[in-house]
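Please open the structure in the viewer and follow the stops below in order. Each stop states what to select and what is found there.

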Amino acid sequence: PSALRYEVIAQCKQTRARASVVHLPHGPVETPVFMPVGTQGTIKALTLEQVESIGYQIILSNTYHLALRPTADLLDDLGGLHKFMNWKRNILTDSGGFQMVSLLELSQVTEEGVTFRSPIDGSPMLLTPEMSIQLQNKIGSDIMMALDDVVSSVSVDRERFVEATHRTLRWIDRCINAHQKPQTQNLFGIVQGGLDAELRALCLEGMLQRDAYLPGYAIGGVSGGEDKNAFWRVVEQCTARLPPQKPRYCMGVGYPLDLVVCTALGVDMYDCVYPARTARFGTALVPQGLLRLKNAEFAQDLAPIDSTCACPTCQQYSRAYLHSVVAQESVASSLITCHNLFYMKRLMNEARQAIIQQRFPQFVIDFLTTMFLREDSSSDNEGVVAGTVPQWVVDALAVAGIDV
Amino acid sequence: MRKMAFEIAVKTGHARLGQFRGIETPNCFLYSRKGSAPHFSPDNLAKIPEVKALQVPVADFLNFPESLLEKAGGFNALCNLKNHLIYMTPRDLTSTEPTSGGDKQIYVNTPRGITQVNPASYMNVHRVSKPAIMASLSDEVGYDATPNRCRKSVDRSLKWLDACLEAHRAQQAESQVFATIQGGGQVKSRGICAKSMAERPVDGFALGGFGLGETAQLRYSLIDVILSELPENKPRSIALPGLPEEVLDCVSRGVDLIEGMYPYMLTEQGFAAIFPLNPAIHANEEQKDSAADAKEPDQKRPRHQTDPTTSIQDAQPSAPPSPLTIGSLNLRDKQYARDTRPFLPGCSCFACTNHTRAYTHHLLNADEILGSILLQLYVSGSRDA
Ligand SMILES: [Zn+2]
Ligand SMILES: [Zn+2]
């Protein structure tokens, strides 16, 4: 049973990129798709009306935070998270495990689950695969993520990765068994295995044996600051093996460049706090890279953030105004967050249209040209030297079928 | 030639219903910060069409480089406030102290530190910012200043008003000028100040030096003296915290415009006023609610149960209300965690039609900005079903 229908609209003839529609209980989701993160039942600094008007069809929320506040039981009693937020479109929830391992110092993974100290009263607590699914059933998300054994992707302990890979497979069975609502909620399996091709292959094969119970798959453990070279190889290995008739979700990936490369490799779904978080620190995403609005050079600049952007912020405000209020007034967060989420949505829309019109390779070349082969200095790109496309991008795209 | 700005339609007792530059009075200037209502992007501000004018302290204009304001063509253009009137004043409403100053200038806090503002620099800000209305620079003192100090504040405020008016003529500015009346807690000084300012070619009056800890009795006796010296055909504005009852008391005496902080104060503390502007419509609703849900001790009956036009007439001077409690819900309180009603049942504002008390309670407790946005939308917005 499944509450998801995956419809391929177009397959790029040259790369693995595809444009599709994921039909979910709260409406269609057009892919490739970036999902904004609404940790506590809200996209920071925006009303949900604004999120909807940008065109987002699915947002992500965090089970761990919701379980602490307002609690899954309360959400269940009040009719689920959609109703609580008054968000009529789709919601994806994570398992809660990753948040614990990354946020809580004293968390520890055992066969039973993730043990941790309650951040509220310090008492020992345990999150098992069964409990994670139960929480997500109560929250009522359209896509639920399986609890997996996450190891930092920069860890060097191979034994730990071996253990985590096998445990993730044992836990997926427990998640499948605990899932009470397969007719209305979709459980995605997460492929783990670190940066080791053998372990990834093992995890992939294990997940595929459970294919009948899994409406979609995620690629996990690839957004922890690992070498970009290793990152794309893992993504490539997974997309090559995952079934073409199901959605593929690359967890925690959200830099525009990564999205374009992974889309060429056949990924459909992404999520990341980056576009919204960087906005709150005053950085806007533009086709050329980044615009740090705090920089003094913008103090008298009456141009919009991006003259090619149709977002409400760019239609109404100048760089100079934003420079004057950035980091002082919460409205600055709202305005720049709105632009960045608009930018991400537009990037995915343009990629999708390019795939449908069989010109995706040219779209990728144009994207890279604008970002790296430019002359103006009003934006930067996290220390990358203008004029050169990073080698890992060239290598990944070569495997995907694009000569840069 | 500037057109006549103020027209009185109805007068009941001392209270007036009028029109001032398209604003129906009595009305409020919404508190703003650095060119936006706190937390509001333009689409959110557009959700409260009742808000037509923003109060902007001079410190906020100084936040922007003078050359930028000039290049952008004024404050409205720079801050994307094309549909709102800007009212420039010396005073920052968040401060409960009088504006400090000396013989030639006042001092204001800006992000770049304390800045001196004298009539010349004040009028230069006016020149590049192009507000629709400006209050003259004044030497503000509190109710407890000595008689000597109060007299001095009147002398300076008069001198500075004349300087502002002269600069205004030189700029050939389109804006309306409100004379800012000072004089602290001294009835005599207040009367002299009001009388002298009424003789000047000004478009209206700003009652300065209130909301600084004075008793209600002193406040209203001073206001009565001031208003008795002012011509009927010009609007009067006052800066106050702006509790609903203060607003009614001022309006009943003949004040037309309130520069209020109340919506913002409520919002920042997580309160939602359930003070219907048209209580008749809501009375039944609320009774049903309190019958259905007895565990709501905060939800006091609104005090003014009558139609707003008659309540203006009937309003009597009252003891100072306990701040932030009258007719308001403390939405941080856990009793609202499972309350799926809107802020005010029957209300048609954006917050009420889209979200519940339970959701806003969650957002406030999670320190999410959306909680403040919803509250501010509600508190500043329409209350009528
Ligand atoms: Zn934009
Ligand atoms: Zn309302």
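**First stop: the zinc site**

Select the zinc ion (ligand 1) in this predicted model; its coordinating atoms are SG of Cys309(A), SG of Cys311(A), SG of Cys314(A) and ND1 of His339(A), at 2.0 to 2.3 Å. The site is tetrahedral, with angles of 101 to 117 degrees among the 4 donor atoms. Along the chain, the donors of the zinc ion (ligand 1) have the spacing C-x1-C-x2-C-x24-H. Cys314(A) belongs to helix α12 (residues 312–316) of chain A and His339(A) to helix α14 (residues 330–356) of chain A, so this pair ties together parts that are 25 residues apart in sequence. Colour these two residues by accessibility: Cys314(A) is buried, at a relative accessible area of 7%, and His339(A) is buried at 0%.

**Second stop: a lysine in a loop**

Next, select Lys246(A), which is placed in the loop between α9 (228–241) and β13 (248–250) of chain A. Is Lys246(A) buried or exposed? Its relative accessible area is 14%, and Lys246(A) is therefore buried, the cut-off being under 20%. Beyond its neighbours within four places in sequence, Lys246(A) has contacts that include Tyr6(A), Arg18(A), Asp211(A) and Asp268(A).

Finally, select strands β15(A) and β16(A), which a hairpin joins through 2 residues. Strand β15(A) pairs with β16 (residues 289–292) of chain A in the antiparallel sense, over 4 bridges. Leu285(A) has Leu290(A) in β16(A) as its bridge partner. In a regular strand, side chains alternate between the two faces of the sheet. In β15 (residues 283–286) of chain A, both faces are covered: Thr283(A) and Leu285(A) on one side, and Ala284(A) and Val286(A) on the other, are all buried.

Terms used:
Residues are numbered from 1 along each chain as its sequence is written. Chains are lettered from A and ligands numbered from 1 in the order in which they are written. This is a predicted model: local features need pLDDT of at least 70, side-chain atom pairs count only at pLDDT 80 or more; totals for chains, interfaces and linings use all residues. Side-chain values use heavy atoms; hydrogens and water are left out. Donors are N, O and S atoms within 2.8 Å of the metal (3.2 Å for Na, K and Ca); water is not among the atoms, so sites may look incomplete. Four donors count as tetrahedral if all angles lie between 85 and 135 degrees; four count as square planar and six as octahedral if opposite donors are over 155 degrees apart and all others between 65 and 115; anything else is irregular. Buried means under 20% relative accessible area, exposed over 50%, partly exposed in between (1.4 Å probe, protein chains only). Contact means heavy atoms within 4.5 Å. Two strands pair if DSSP finds at least two bridges between them.
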